[in-house]
Amino acid sequence: MEKIAVRNSGYQISRGRISRVTLLTETERLFTIVLQNNETLDHDPGQFVEVSRFGVGEVPISICSSPTRRDAFELCIRAAGRVTAALHRLKPGDEVGIRGPFGVGFPMTPLAASDVLLIAGGLGIAPLRSLVHYIIDNRRDFGKVDILLGCRDPQSMLFSAELEFWRQRIDINFLCSVDSAAAEWEGNIGLITALIPGVNLDPFKTIAITCGPSVMYRFVIAELLKKGIPPAHIYLSLERHMKCGLGKCGHCQIENLYCCQDGPVFSYPQIKNIRGALE
Amino acid sequence: MSGVLLYKSELCGLIHFLVADQTVIAPVPLTHGQFKFAAVTTLEEIALDAIPTLLPPKKYFLPPQESLLQYDTTQGEKMQAEVAIEETVLFGLHTCDLAGIQCLDMVFADRPKDLHYMIRKQHFTLIGLECNDYCDSSANCAMLFNHLPKGGYDLFLTDLGDYYFVDINTHKGDLLVEKSGLFVPVTPAAQDNLQKLRQIKTKRFKSEIPIRYQDIKPLFEASFESNVWTDIGAKCLACGNCTNACPTCYCFDIVDEPEFDLTRGKRLRIWDSCQHENFARIAGGENFRKERGDRQRHRYNRKFHYPMERYKQIFCTGCGRCSRTCMARIDLKETFNALIEECR
Ligand SMILES: Cc1cc2nc3c(=O)[nH]c(=O)nc-3n(C[C@H](O)[C@H](O)[C@H](O)COP(=O)(O)OP(=O)(O)OC[C@H]3O[C@@H](n4cnc5c(N)ncnc54)[C@H](O)[C@@H]3O)c2cc1C
Ligand code: SF4
Ligand code: SF4
Ligand code: FES
C-alpha cells in the first residue's frame, strides 16, 4: 500500500503553545493557548475545539475566552479522566494539538440588541464566560444583562476573582448560589432555579441561555417558561460524547441531530421534541 | 452509458487482465456456506454464487483500522495527515452491497467532507454482479428495491446463460472495456434476455416484509416507546457484530498508537459500535443510551428513520448480514413484524 499526504484533512491539528496555566480549583485549570504563527482561532462564543496530545488522545473542550481577544484563547479543563489528567500535567511552553472551532455557538445576531439572561451550572460557566467577555467588550450592543451562577460549594467556584469583577459592575446583574456552604458564606444557598423567579425582566425582550449539567435543564426551562419567556428565546448547550467533531463518528448523535455540528448550542424548540435530548 | 457483452469463456481473461496491474478483491468461499471478500489472482478462487459475505466491502473503503495522521513529538506536536491507497478492483458486488457503498459515499462526501475516505475511494474500480435469485431467507433487499441495480458501479454484470450482459456506468468502466478488448457489442437477443430476466425477478423478489417503502419511516416514528425494543434489549449481548457486519454502519473511534520510543506514532480511526455500553457515555458518568434496548432502537432508527431525514435515503441495503451474524438471534425481519403487529 502506498501512503499519500492529505491536505486539509478534517483530522489534522494546528499546533498550539500553552502560554499560561492558571490553577482555578483542585480539579480545574485554565490554559491560555497561542496558535502557531499567532493565527487567531476565529471562533464564535459557545463553540468548542478538540484538544489533544499525541500518544494520549483528543477531547472536546469549550472555548471559554471571547473572540474579541484575538492574540490567545483559553480553555478551562477539569481533570475528569485519562486525557484531561494528562493535559493537567502540561506546563507553559508545552504544545497541544487544536482542531476546530466546531459546531454552532450562541445566537449572536438575535442576542445583540436583546436583554440577556445567562444561567450557568458548574462547569457550564466555561462556555458562557466566552459570551460574558464578548458582551463586556461590546457592552453597548446589548440590553440588560443578568447572570445567574450555581455550583456545588464555594470551593468549587470557578473564576472567583473574575466573578467579583462582574458582581461589581453596574451594567451587569450577577447572582450566585451554592448547593451548600459553611456558615461564613454570605451568598445564596440553594438550587439555581430558585434565583430565576426574582430576576426582573421583560420576557419578550430577553434571550435566555443556559449551560450546565443536563439534570439542571428541565427545571431551568420550566422556570423560564413560567417567567413568560417565549420558547424560541431559550437556548441551551448540550454535552455528548464526541470524537470527530465532524458529524461522522456517531458518538454525539441525538436522534437525527449531531451535537458536534448541529449544536452544541440548540434553541429549546429545536430539541423540545427530540427524545433523548433533555433527559 | 451503454452496454456490451462478455462471453463466459472470457471471464477468466478478464480477471487475468485486471490482476496484471491492480489488486483484485472478490468473494471467496469459507466453511459453513459462508463467504468473505479477499484478494484473488484467478477466476477459480472466486465464488460467483456467493451470498453476502461475512464482512461487507466497507472493510476496504473504511478499514477496521486506518492511520489518519502520522505524528512525531520530538519537536512539538508535529504531524502529517495521510491515507493509504492501492489501485483495487472489487469484483462481484451484489446490488445490496453497491447500495451500501452509495450510502457511505453520501455520508463521507457530506460537508465537512472526509477526504481520507474520498481520496481512497477514487482508487477503486467497482464491478457488480446481479443476483438472479435470492441468496437466502435473511435478505430483505426487495423491500428496499435493492435487488435491482441502481448505479454506483463502473461495470455491472448480469448472467444471461452463455454470456454476461455488461452495463457500463462510468468513464472508468468504458476504458476498462476498451483496453481489455474482451467485450463484444450487445445483440438484440441479449437485450431481450435481460428484459426477460428482470421480469422474472420482479415476480420472484417480493417485499419480504408486509410494509410499503413510504410507511417505513412512520413505523419507526410511531414505535419509539414500543416494548419490542425492551424485548430485543433483553436478548442483545452488546457485542457489536451486527454493526460490524452492516455495510452502512460507519461509527468510529479515534485513538493514538505510539511506537515503542513513544515519540512517534499514528492517530488511528478504528471501527466502533453504537451497541457498546460506553459509546454515548460522558464524563460524570451520564449515559445517553444506557440500556441495550435503547441502543438497538438507535441502530434500527439509524437505518430506517434518521437517514431518511438527513439523506432522504434508507440506510439498510437488505443484505441480511445483521440477522445472519447475531448470536442472540435478533432478526431484522422478525423485529419489523413485531413492530408492525404492535402498531396495527
Ligand atoms: C462540547 C463539549 C464541551 C466540553 N467542554 C468542556 C470544558 O470546557 N471543560 C472540561 O473540563 N470538559 C469539557 N467537556 C468534557 C470533556 O470533553 C470530557 O471531560 C473529556 O472528554 C473526558 O476525557 P478523558 O480522557 O479525560 O476521560 P476518560 O478517561 O476517557 O473518561 C472519563 C469519562 O469521560 C467520558 N468521555 C471520554 N471521552 C469523551 C469525549 N470525547 N466526550 C465526552 N465524554 C467523554 C467517558 O465516557 C467517561 O465517562 C466538554 C465536552 C463536550 C462534548
Ligand atoms: S449482533 Fe446481536 S447480540 Fe450482538 S450487538 Fe448486534 S443485535 Fe446485539
Ligand atoms: S441493517 Fe442488517 S440487513 Fe440492513 S444493511 Fe445493515 S446488516 Fe444489512
Ligand atoms: S463527534 Fe463525531 S459525529 Fe459528532
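**Terms and model**

A salt bridge here is a side-chain nitrogen of Lys or Arg within 4 Å of a carboxyl oxygen of Asp or Glu. The model is predicted: local features need pLDDT of at least 70, side-chain atom pairs count only at pLDDT 80 or more, and totals for chains, interfaces and linings use all residues. Residues are numbered from 1 along each chain as its sequence is written, chains are lettered from A and ligands numbered from 1 in the order in which they are written, and side-chain values use heavy atoms, without hydrogens and water.

**Interface of chains A and B**

Lys243(A) and Asp253(B) form a salt bridge, with their closest N and O atoms 3.5 Å apart. The count between the two chains is five salt bridges.

In contact terms (heavy atoms within 4.5 Å), 46 residues of chain A meet 55 residues of chain B. The buried area (accessible area, 1.4 Å probe, that two parts lose on being put together, summed over both) is about 4,400 Å², and carbon and sulfur atoms give 55% of that. On the chain A side, Tyr11(A), Phe54(A) and Lys248(A) lose the most area to chain B, together 19% of what that side buries.

**Ligand 1**

Ligand 1 lies between chains A and B. Its surroundings (residues with a heavy atom within 4 Å) comprise 21 residues, the closest being Pro60(A), Cys76(A), Arg78(A), Thr84(A) and Met242(A).

A polar backbone atom of Met242(A) is 2.5 Å from a nitrogen atom of ligand 1. Oxygen atoms of the ligand lie 3.3 Å from a backbone N or O atom of Gly81(A) and 3.2 Å from one of Ala283(B).

Methods:
A polar contact is a pair of N or O atoms within 3.5 Å; within protein, one must be able to donate a hydrogen and the other to accept it, and residues adjacent in sequence count only if both atoms are side-chain atoms.
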